[in-house]
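Please look over the sequence and the model before reading on. The points below are grouped by topic.

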Amino acid sequence: MAQRAASVWTRPPRAKREQPTLDRDQIVDAAMELLDAEGLDGLSMRRLGTKLNSGATTVYWHVANKDELLELALDRAMAEVTVPAPDEEGWRAAATGFAHSLRTMIHRHPWTVTLFGSAPMIGPNSTRMVDRLLTLFGPAGAGAGFSGLGLEYAWSLLNDWVVGAAGSEAIWKQANPDFTWEEWVEASASYMEQTTRTNPQVVEHQREVWASSNWEQVLDEKFAFGLDCLLDGLAARLPGR
């Protein structure tokens, strides 16, 4: 029995004479609209067909199943991520620019978080991003200077950390779209008072940092702090140091 292709990108294309009216880009555009509005649970082949005013058969002409559709959608989202060249400002400034660009994309499309690692990211936008990261952290030109496995560890460490840090932020915002942090602190005040007896430092920290601060600003500063620490660590491991 023939095995399913490992990725939508590795499946042989169909003959153009068989192609339906709707093209792949239109289908991915509609899928991303559903994903942005309702998340992964809001996307189905049937709902997508309805949104496109077309039968599911048309969608299945382009993709074999929902997993392949999600591969296409994730790669489309990766087109929004920029990787600056390591020019006069150096590799570290470029890495910072990339990290903030990836974070912005994840906040815009929270559904991408659980898709990272679910399938080989070998689409054109994903491979473009990785190629530029290899230049950024590599040994040539103004790159950081890593090579071989060190180069793999360096770029993937930054990428994975951003996905984790920005992902938790995006998931919270998606789960609580109309609930401010101040409201959450107020709603949990009674419970946290009870918690004071067993976990006093948690309650004191909440009062000192979260209850009296601008939540968005704290998140931004926390992300910047973590990013600086990560880049400090990579800088300390540069070849020749």
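The protein has eleven helices and zero strands. Its mean pLDDT is 87.

**Overall fold**

- Read along the sequence, the pattern is α-α-α-α-α-α-α-α-α-α-α.
- The C-alpha trace spans about 70 × 55 × 35 Å along its principal axes.
- The protein has 241 residues, and 39% of them count as buried.
- Take the contacts between residues at least 6 apart in sequence: 69% of them join residues at least 24 apart.

**Confidence**

- A pLDDT of 70 or more is reached by 92% of the residues.
- Among the elements, helix α5 (residues 91-108) has the highest mean pLDDT, at 97.
- Helix α3 (residues 56-62) has the lowest, at 74.
- Where pLDDT is low, the predicted coordinates should not be read in detail.

**Nonpolar cores**

- The largest nonpolar core holds 58 residues.
- Within this core, Leu-48, Trp-91, Leu-102, Ile-106, Phe-137 and Leu-158 touch the most other members.
- At least two core residues come from each of α1 (24-38), α2 (45-51), α4 (66-78), α5, α6, α7 (148-175) and α11 (215-236).
- Helix α7 gives the most to this core, with nine residues.
- Another core, of six residues, lies apart from the largest one. Trp-181, Val-185, Trp-215 and Leu-219 are among its members.
- Leaving out residues up to four places away in sequence, Leu-48 touches Ile-27, Ala-30, Ala-31, Leu-34, Leu-43, Val-59 and Leu-69.
- In soluble globular proteins, nonpolar side chains tend to be buried together.

**The α1/α4 pair**

- How do the axes of α1 and α4 cross, and at roughly what angle? They come within 9 Å and cross at roughly 85 degrees.
- The two helices are therefore roughly perpendicular to each other, as angles of 65 to 115 degrees count as such.
- On the α1 side, the contact is made by Arg-24, Asp-25, Ile-27, Val-28, Asp-29, Ala-31, Met-32 and Leu-35.
- On the α4 side, Leu-69, Leu-70, Leu-72, Ala-73, Arg-76 and Ala-77 take part.
- Ile-27, Ala-31 and Leu-69, which belong to this contact, are also among the residues that Leu-48 touches.

**Thr-112**

- Thr-112 lies in the loop between α5 and α6 (124-137).
- Is Thr-112 buried or exposed? Its relative accessibility is 0%, so Thr-112 counts as buried; the cut-off for buried is under 20%.
- The Thr-112 side chain reaches the backbone oxygen of His-109 at 2.8 Å.
- Beyond its neighbours within four places in sequence, Thr-112 is in contact with Leu-74, Ala-77, Met-105 and Ile-106.
- Of these partners, Ala-77 also takes part in the contact between α1 and α4.
- Ile-106 is one of the residues that touch the most other members of the largest core.

- Glu-221 is partly exposed, with a relative accessible area of 47%.
- Lys-222 is partly exposed too, at 48%.
- Lys-222 and Ala-165 are 57 residues apart in sequence, and their C-alpha atoms are 9.4 Å apart in space.
- Glu-221 and Leu-157 are 64 residues apart in sequence, with 20 Å from C-alpha to C-alpha.

Note on methods:
Residues numbered from 1 in each chain as written. Predicted model: local features only at pLDDT ≥ 70, side-chain atom pairs only at ≥ 80, totals over all residues. Heavy atoms only, no water. pLDDT = per-residue confidence, 0-100. Helix = DSSP H or I, 4+ residues; strand = E, 2+ residues; numbered from the N terminus. Buried < 20%, exposed > 50% of the residue type's maximum accessible area, 1.4 Å probe, protein only. Polar contact = N/O pair within 3.5 Å; in protein donor to acceptor, adjacent residues only side chain to side chain. Contact = heavy atoms within 4.5 Å. Core = buried A, V, L, I, M, F, W, Y, C linked by side-chain atoms within 4.5 Å. Axes fitted to C-alpha atoms, helices over the stretch in contact; angles between N-to-C directions. Parallel < 35°, antiparallel > 145°, perpendicular 65-115°, else oblique.
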